[in-house]
Amino acid sequence: MKVSGHSGILAAALSVLAVPAVLAVLCGCTVRSPDGGDGRGHSPVHIDLPHRSGSASAPAATPTPSAVETVPPHIVFTRGDTGTGVRELQARLRQAAWLFDGPTGTYDDLTAQAVEGFQGKRGLPRTGETDAVTWRRLVRMTHRPGKWELYLMGGQPAAAPDPRCLTGRVLCISKTSRTLRWMIDGRTVSTMSVRFGAQYTPTREGVFHIYWKSRHHVSTLYHSPMPYAMFFSGGQAVHYSYDFAARGYAGGSHGCVNVRDEAAIADLFAQVRNGDKVVVSW
């Protein structure tokens with residue numbers, strides 16, 4: 001078909017402009033001008049294609065820092081806690097040379113200071129609280145403490161009394177639990193931790209009686225002080241020990257029964273009489 005004159009030029013122009021519209025209809029798109037109008041009198045034509053989910057043109061929203069929840073670390077032990085778990089913590093801190101007292105079984109200021117020092121040395125937050133990260137780091141550096149590391153400075157529970165302790169006034173001493181019970185007619189009046197002789201100077205076992213008390217005694221053989229001494233077998237006595245108070249079960253006696261709690265043995269010394277029974281047993 002021939003098109004001539006102005007009418008031919010107009011028809012050709014309309015046919016060109018109609019192509020995008022036809023494509024838009026076939027693709028399910030809309031035809032609009034770049035400024036959002038209806039497209040009349042504007043060129044070129046802008047076509048919005050249907051959006052496909054997951055396309056690179058629509059990235060997922062990134063949460064702002066304020067939207068990220070901060071989870072506090074899990075606290076394993078903290079100030080005021082007590083028990084065998086705290087004893088293990090303190091024993092491990094002793095192994096790592098951060099604590100020199102105890103274990104006491106109580107998370108006190110000294111324990112918190114030791115934990116804080118341990119944390120600071122390893123670039124951890126210096127909180128003084130034993131969180132899960134601090135605990136795992138300490139466990140990897142140390143070995144599991146044995147019973148007498150946990151009770152290095154005493155505090156262990158006493159064993160059941162020997163049957164020979166159930167009548168009369170008795171110093172009932174157990175080598176198994178390393179404790180002394182002061183008993184009257186089967187009733188326990190007080191309990192304290194004790195230490196015994198070393199391998200070559202063992203504390204004798206059996207039933208004895210207190211035969212001499214000496215408040216400010218000094219050993220004539222070893223020239224060491226033996227305050228609140230209560231002699232029961234030759235030169236062996238129950239008495240206060242400065243060394244036991246300082247080093248705990250890391251040391252030993254020359255055969256005597258050492259007590260590390262001075263207030264406790266001072267009170268015991270005031271109550272015990274000459275003639276009272278002493279039972280030393282396993």
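Trainee: What relative accessible area does Arg195 have?

Mentor: The model is predicted, so local features require pLDDT of at least 70 and side-chain atom pairs pLDDT 80 or more, whereas totals for chains, interfaces and linings use all residues. Residues are numbered from 1 along each chain as its sequence is written, and side-chain values use heavy atoms, without hydrogens and water. Arg195 is classed as buried (under 20% relative accessible area; exposed is over 50%, partly exposed in between, with a 1.4 Å probe and protein chains only), because its relative accessible area is 3%.

Trainee: How many residues apart are Arg195 and Asp243, which meet in a salt bridge?

Mentor: Their side chains form a salt bridge at 3.0 Å, N to O, the criterion being a side-chain nitrogen of Lys or Arg within 4 Å of a carboxyl oxygen of Asp or Glu. Arg195 lies in strand β7 and Asp243 in helix α6, as DSSP runs of H or I (at least four residues) for helices and E (at least two) for strands, numbered from the N terminus. The pair links distant parts of the chain, with a separation of 48 residues.

Trainee: Which helix holds both Glu88 and Arg92?

Mentor: The side chains of Glu88 and Arg92 meet in a salt bridge of 3.0 Å, N to O, and both residues are buried. Because they are 4 residues apart, about one helical turn separates them in helix α2.
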